[in-house]
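User: I'd like to learn how to read side-chain features in a model like this one. Could you walk me through them step by step?

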Amino acid sequence: MDNFDYPAIGQRIKQLRKRKGLNQTELAQMLKKSLRTVQKYETGEIEVSIAVVNQIADLLDTTSTYILGYESSTTQIRTLADVMDFLFKLETVEGIDFKIDVQKPPRSKRWECSISFDGKSTAEFNADICLFLEQWEEERSELRAYNSTQAAYKRWKEQTLAYYAANAVKCTEPEELDRDERIAKRTEFLEKEYGKSESNE
């Protein structure tokens, strides 16, 4: 969790604790931690693990993301273009590699399109994305089957966002190539994918 501002996290914990009417000793007892540990959390001297952040959030009636200072996007999705714009942004994220699979007639009885991430890819964050999607489907299934509550689902979302908030990513636009560079890259791509190249373009 190297990307977090621990003094700022500590200040939020302190403010929330006081708002709840607790002193440091009481919070320490509730967390099953020493008084000195809680003092160090509040001054930002030591790292607060995600597990402890989640515990504090439950005890102080807040969210893990608030304690960490992570702000999810407040931009509302108003049009289909907003959804598509987000998908376009995926291809600028370094460390994430995905494929778009299209199944439609006449080759398939169904018309299905999906974005897939290979969890065993060399792309740095693909395994994280696959793990997240697997957990997400489990949580959604539990909610759809009325085996879970909206509150539990929301808590899972908050804790998941908090867990991954420290994973900074870098976005870059695809490089612009001149014609000769593009043909060379195209030949290289074809040889890698199919073991052959196109002689002319």
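Predicted model: local features only at pLDDT ≥ 70, side-chain atom pairs only at ≥ 80, totals over all residues.

User: Which residue does Arg 36 form a salt bridge with?

Analyst: The general idea is that side chains of opposite charge can pair when their charged atoms come close. Here the partner of Arg 36 is Glu 45, with 3.7 Å between the closest N and O atoms. Glu 45 is partly exposed as well, because its relative accessibility is 47%.

User: How many salt bridges does a search of the whole structure find?

Analyst: The search finds seven. One of them joins the side chains of Lys 89 and Asp 85, at 3.0 Å from N to O. Both residues sit in helix 6, and their spacing of four residues is about one turn of the helix. Lys 89 is partly exposed at 47% relative accessibility, and Asp 85 is partly exposed with a relative accessible area of 36%.

User: Where do Arg 140 and Glu 137 lie, and how many residues apart are they?

Analyst: They are in helix 7, three residues apart, which means about one helical turn separates them. As for accessibility, Arg 140 is partly exposed at 35%, and Glu 137 is partly exposed at 36%.

User: Which ring does Arg 140 lie over?

Analyst: For this feature, look at where the charge sits relative to the ring. Arg 140 lies over the face of Trp 136, 5.7 Å from the ring centre. Trp 136 also belongs to a cluster in which ring pairs link it with Phe 132, Tyr 153 and Trp 156.

User: How many aromatic pairs does the whole structure have, and why is the pair of Phe 98 and Phe 117 called tilted?

Analyst: A search of the whole structure gives five aromatic pairs. For Phe 98 and Phe 117, the ring centres are 6.1 Å apart and the planes meet at 55°, so the pair is tilted. This pair connects distant parts of the chain, 19 residues apart: Phe 98 is in the loop between helix 6 (80-90) and strand 1 (99-103), while Phe 117 is in the loop between strand 2 (112-116) and helix 7. Phe 117 is buried, because its relative accessible area is 18% and the cut-off is under 20%.

User: What about the rings of Tyr 163 and Tyr 164: why is that pair edge-to-face?

Analyst: Look at the angle again: their planes are at 85°, so the pair counts as edge-to-face, with the centres 4.9 Å apart. Tyr 163 is partly exposed, with a relative accessible area of 48%.

User: To finish, which residues is Asn 126 in contact with, beyond its neighbours within four places in sequence?

Analyst: Its contacts are Gly 95, Ile 96, Asp 97, Phe 117, Asp 118, Gly 119 and Ser 121. Asn 126 is in helix 7, which covers residues 126-144, and at 0% relative accessibility Asn 126 is buried. From there, the Asn 126 side chain reaches the backbone oxygen of Asp 97 at 2.8 Å.

Conventions: Residues numbered from 1 in each chain as written. Heavy atoms only, no water. Helix = DSSP H or I, 4+ residues; strand = E, 2+ residues; numbered from the N terminus. Buried < 20%, exposed > 50% of the residue type's maximum accessible area, 1.4 Å probe, protein only. Polar contact = N/O pair within 3.5 Å; in protein donor to acceptor, adjacent residues only side chain to side chain. Contact = heavy atoms within 4.5 Å. Phe/Tyr/Trp six-rings, centres within 6.5 Å; stacked < 30°, edge-to-face > 60°. Lys NZ or Arg CZ within 6 Å of the ring centre and 35° of its normal. Salt bridge = Lys/Arg side-chain N within 4 Å of Asp/Glu carboxyl O.
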